[in-house]
Amino acid sequence: MSEFLQQLVNGVTWGSVYALIALGYTMVYGILRLINFAHGDIYMLGAFVGLYASRWFHAGEEPSPVKALLVLLTSMVLCALIGMVIERLAYKPVRRSPRLSALITAIGVSLLIENGGVLMFGASPRFFPQIVAQKNIALGLGVVLSNQQLIVLVVSFALMLALRGLVLYTRVGKAMQAVSHNHMAAALMGISVDRIITFTFMIGSMLAAAAGVLVALKDPKIEPYMGLLPGLKAFVAAVLGGIGNVPGAVVGGLVMGIAEVMVVGYVSPTYRDAIAFVLLIVILLVRPSGILGRNTAEKV
């Protein structure tokens, strides 16, 4: 039982990270019906921005919660600006083009960021400094939670709740909901569709950047291709929960994280990455709309 509970804690920790990344996928899809395959690379950029921010604030030399928060906020803000630039330069010109054009553009942007990261940061892995002193917390029943895991859980769920509040209870959130339903009707009601789309990309990029910094706290080795596999898994998590559904992305991320850790603990680490695609196949066969998704009938 203690081993199962420990694996469950580890799974929820990883699942919260997948949920943060999946939220960016599901928000952009809900607004534009576009799969932003460059989203996983924003996660990578968030980790590298956090690396340089930690050096700027000397967070690795004198770890403190304040400096760690500054590193996190700096990464989120800069990646939000990067997300805005990507949307304006890459996606906006092909917004009214066929969906295949937008999909190819997304793949091209992803490759550009990955290879640009190799040129800028180098192909060799970098070490992310310990900006938070590591401690272990005994929860009882043989379960141990590190303070880094606790930070990941607290920050992740705080950001998820903040996003939920933003979408449901603010004017911008209501405008996002309106744009997701119908662009033309939202524009006729006086909503700036272009600004809402840009804002959505910025919010999604902020969440991906936060995930990058949080993962770097637990696994300090970062490199330019680190966003490829987590990005794919987070996309699977978004589909699993119901792509376009914000609570569904959270549920899908948690299910993905728990399933992955359980497979590693009880089956074999070899199948750690395969379980994501097994879940994708199963959900597409059993419930294509996702766990919390709704089937919508197409009018012809």
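Leaving aside neighbours within four places in sequence, T198 is in contact with M84, E87 and R88, where contact means heavy atoms within 4.5 Å. The side chain of T198 also makes a polar contact, at 3.1 Å, with the side chain of R88; a polar contact is a pair of N or O atoms within 3.5 Å, and within protein one must be able to donate a hydrogen and the other to accept it, with residues adjacent in sequence counting only if both atoms are side-chain atoms. T198 has 5% relative accessibility and therefore counts as buried (under 20% relative accessible area; exposed is over 50%, partly exposed in between; 1.4 Å probe, protein chains only).

A word on the source: this is a predicted model, in which local features need pLDDT of at least 70, side-chain atom pairs count only at pLDDT 80 or more, and totals for chains, interfaces and linings use all residues. Residues are numbered from 1 along each chain as its sequence is written, and side-chain values use heavy atoms, with hydrogens and water left out.

T198 lies in helix 8; helices are DSSP runs of H or I with at least four residues, numbered from the N terminus. Which residues touch the most other members of the largest nonpolar core? Of its 89 residues, they are L23, Y91, I113, F128, I131, L163 and I222. Such a core is a set of buried Ala, Val, Leu, Ile, Met, Phe, Trp, Tyr and Cys residues joined through side-chain atoms within 4.5 Å. Helix 8, residues 193-218, gives the most to this core, with 15 residues.

Finally, H39, in helix 2, is buried at 2% relative accessible area, and its contacts beyond four places in sequence include G204, S205 and A208.

Terms used: Helices (H or I, at least four residues) and strands (E, at least two) are DSSP runs, numbered from the N terminus.
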